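Please keep the sequence and the 3D view side by side as you read.

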Amino acid sequence: MEILKRAAETTTTQENRSVANLLSVLVDTFSLYNCEPSPSAYQLIIKTLTSTSDFLQIHQVLNRLEKVEKFETPENIFVNLVKFYGNASRFQDAIELFFRIPKFRCVPTVYCLNSLLSILCKNKECLSMVPQVLLRSLIMRIRIEESSLHILIATLCRLKKFDCGIQIMNHMLSDGYSLDVRLCSLILSSMCKQRGVSTSEVMTLLDEMRKLGFIPKSVDYSNLIRFLVRERRGNDALDILNQMKLGGIKPDVYRYTMVLHGLIKVKDYTKADALFDEMLVLGIVPDVYTYNVCINGLCKKSDIKAGVKMISQMEDLGCKPNLVTYNILLEGFCKVGDLSGAEELVREMGFKGFGLSLQSYRRLIALLVTKDEVNAACDLLEEMMAKGIRPPSSTINEIICGLCQKGLTFKALQLINECGDKRVPVEAKAWEALILGSGLKLNDGGTTFLIWSTENIHCIE
């Protein structure tokens, strides 16, 4: 074996890798001692050849192993080869080898079957081969076990065939298998992640599983709450949270925050306030995400002052607001048209080292234009562009229209030129406002004409 190992190591380092050399070393080495090559010797050769991806030579070694040798070949040789073929996308080779296993004086088990199923189920083009493999497995007297059904159900869930997965699970129960909570969780989580699945389908599935004895765990409740919040079923999410508590599982701040978000999405602010109070009573400390959800709810109710007050409360409790917190409040100020409040908040943000986001710039500029503070809007736009934040065309349109309404056509022209230099598109609405606001005008005794091209627009006096 030591001679064979040294030959294998030499083969892997040579550019011209020859299986004939390895086989001759194998046969000659064991002939010296008047004995036959062992299974471990073949394992070494095959391992060497798989490391160099010599498919042709592997085929030749397998032929010798099948037709010349007499010992019972260990199954792990075929398990490793099936995985090797699968990783190399040689799926047909993997299937043919699996079907040949009995010819190697080996009794295949579910271990090898699962290796083949795993690689076939991961590849969409190979799914059609799975039924053939399963039928042939029965002929080969391989008992399909629970582990195999796990692979099939996971694949069906990935393909959105939840009904088929549930049918397999029911057949498992009929065949005497005990209920596998992992399979229940897998099917449930797959349905919750899938878009287009109705709330009734998910809840019906949960009821059916419970009748079979399934007791949801913390992760299952989380998947359900997340799904219901996404589907704008905040009150149903609250029901699940209550079921979670009745089941003896204490919800954490993450789950409370999800339900709060769901209630605020459906504008059930009364229940949201009560749930937040419940958190505090139970000693569950809100984090910044919880506060952001609550502040967002207050802003949706146009109670901006309460949102500002909550920032002070969270700071007193040692929870620092983040940029999202301030952006939510800033959007709230802009929504109610409170320019002074928005400007004061921006100053506070600057003092605490927070800059404005694209969305915040958009909201604030729109508010300034609405309040007839178009020059201030231009200054904010200039600051925005200086920071490398590309303004959307809708923001440019608002400012240009505001400038033209105030008769500041020349400044609007300058802005359009600057946008052209920076490749920021200007929409038709802004051009229309510019043409209507300028056209032909007298300016200090001179005449201003508009001349525009596809590249820039210029003012000639």
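K301 is partly exposed, because its relative accessible area is 35%, where partly exposed lies between buried (under 20% relative accessible area) and exposed (over 50%), judged with a 1.4 Å probe and protein chains only. This is a predicted model, in which local features need pLDDT of at least 70, side-chain atom pairs count only at pLDDT 80 or more, and totals for chains, interfaces and linings use all residues. Residues are numbered from 1 along each chain as its sequence is written, and side-chain values use heavy atoms, with hydrogens and water left out.

The side chain of K301 meets that of D273 in a salt bridge, at 3.7 Å from N to O; the term means a side-chain nitrogen of Lys or Arg within 4 Å of a carboxyl oxygen of Asp or Glu. This pair links distant parts of the chain, since K301 sits in the loop between α17 (288–300) and α18 (304–316), while D273 belongs to helix α16, 28 residues apart. D273 is likewise partly exposed, with a relative accessible area of 39%.

Helix α16 (residues 269–281) also holds E278, which is paired with K245 of helix α14 (residues 234–246), 33 residues apart, where helices are DSSP runs (H or I, at least four residues) numbered from the N terminus.

Elsewhere, E315, E348 and K352 are linked in a network of salt bridges, and a search of the whole structure finds 13 salt bridges.

Conventions: Helix = DSSP H or I, 4+ residues; strand = E, 2+ residues; numbered from the N terminus.
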